[in-house]
Amino acid sequence: MSSLALTPAHRGVIRAAMTALWRPYTQMKTAAPPLEAVRTHGSRIVLADGRELVDGIASWWTAVHGYNHPHIAAAVAAQLEAMPHVMFGGLTHAPAERLAARLAALLPGDLNHVFFTDSGSVAVEVALKMAVQSWLNRGVTGRTRVLSFRGGYHGDTMGAMSACDPDEGMHRRFGAYLPAQVFCDLPGTDAETAALDAVLAFHRHELAAVIVEPLVQGAGGMRMHPPEVLATVARLARRHGLPLILDEIFTGFGRTGTLFACEQAGIVPDILCLSKALTGGTMALAATVATGAVFEAFWSDDPAAALMHGPTFMANPLACAAADASLDLFEREPRLAQARTIEARLAEGLAVLRGRPGIRDVRVLGAIGAVQFASPPDLAVLKARLVERGVWVRPFGDVLYLTPALTIGPADLDLLVASVVAEALRSA
């Protein structure tokens, strides 16, 4: 057993007092004890009891290069020795400067102004704040709401929650507490396009921006839409003079088959949010990137016009070093080709579920595969059965999905697909 594992005595204490550590999205009273991870390698998680699980979701979509990539590890180790952290207020450092310049060069159009934070939710908060304050800085008042889309998810903090689906999302209990935003269906049909156009026209005087997840609404159910839908959203936002915010926290860095999902629609947003795979799943880091037009609204002699936001660990040098090394890997190794290979295997392997009783839909885009049940299965039982098969997959609601590392090997990918197919048929 690894020296990193908890001792039997420690484990007994934890079992006796499970509430000491409050877990995410978990009913602490009834949940089964979590599995103890002690080590990772490649696309695998090693448990304290010696079992190895093939990770089918890349630790919430972050570990795009697999675990423990030596190039990222070396970059973090070197930065740790030189300077693990320094406040970003009044100081700067090379890792942040270099990473910002590289992101600006990679992103489409003039998305050239990078504001670092430490989580995807906060990246969205900053994007919303940028949108609202950019109007205020231009002397326009009353534009305090955003238009978001049903089925969407943008994070767990208050502003981000307010832009999530108000009816189906996990945050609906907070409805009375959250800012009231405007919601519409994604424009997949002519009628939906006309409806969005009408809603934008009606609310234009109070809207600060439009926010959307490009191509895939991730935590809202892995709902996918073609690039034409995204292009329509961008066109209508422009028609009504509204900034467009793209939440690429899930879709960024190769997950959909291109480095950024917006490339497939040929559009450039005014503000773009990144996180998750930004550091290759190594450390917490996020970025909100704005165009010159947005940045210009904050360029002033008036101190009150500055963007008043600054997380304590903003632009953490360790995280920036990890992200810089991750970008190296996208340059040196065939990540996008690997995403296409995964897409082909997922499409082929999951196709046998189409039309089966109890299966509503099967969807594949890039390195994302989703199986939607006609009704939600017993998630606890389904998760346990998947673990028994040697895979780590976390279904939610009525969706069982795969988002493996882009570097996953054929044998591990085949095990994931076979396990999902078998358990989907069993649970449907």
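Colleague: What is the relative accessible area of Glu-52?

Modeller: This is a predicted model, in which local features need pLDDT of at least 70, side-chain atom pairs count only at pLDDT 80 or more, and totals for chains, interfaces and linings use all residues. Residues are numbered from 1 along each chain as its sequence is written, and side-chain values use heavy atoms, with hydrogens and water left out. Buried means under 20% relative accessible area, exposed over 50%, and partly exposed in between (1.4 Å probe, protein chains only). Glu-52 is classed as partly exposed because its relative accessible area is 31%.

Colleague: With which residue does Glu-52 form a salt bridge?

Modeller: A salt bridge requires a side-chain nitrogen of Lys or Arg within 4 Å of a carboxyl oxygen of Asp or Glu. For Glu-52 the closest N and O atoms are 3.5 Å apart, and the partner is Arg-44.

Colleague: Arg-102 has a salt bridge to which residue?

Modeller: The N to O distance in this salt bridge is 2.7 Å, and the partner of Arg-102 is Asp-324. The pair links helix α4 (residues 94-106) to helix α10 (residues 317-332), 222 residues apart; helices (H or I, at least four residues) and strands (E, at least two) are DSSP runs, numbered from the N terminus. Arg-102 is buried because its relative accessible area is 16%.

Colleague: How far apart are the end C-alpha atoms of helix α13?

Modeller: The expected span of a helix is 1.5 Å times one less than its number of residues. Helix α13 has 18 residues (410-427), so it should span 26 Å, and this agrees with the end C-alpha distance of 25 Å.

Colleague: In which loop is Lys-276 placed?

Modeller: An unreviewed UniProt entry lists Lys-276 for "modified residue: N6-(pyridoxal phosphate)lysine"; UniProt positions are given in the numbering used here, feature names are shortened, and annotations may be inferred rather than shown by experiment. Lys-276 is partly exposed because its relative accessible area is 26%. Beyond its neighbours within four places in sequence, Lys-276 has contacts (heavy atoms within 4.5 Å) that include Trp-60, Trp-61 and Ile-249. Its place is the loop between β11 (271-274) and β12 (286-291).

Colleague: Is Arg-335 buried or exposed, and at what relative accessible area?

Modeller: Arg-335 is in helix α11 (residues 335-350). Apart from residues up to four places away in sequence, Arg-335 touches several residues, among them His-65, His-69 and Phe-330. Arg-335 is buried because its relative accessible area is 1%.
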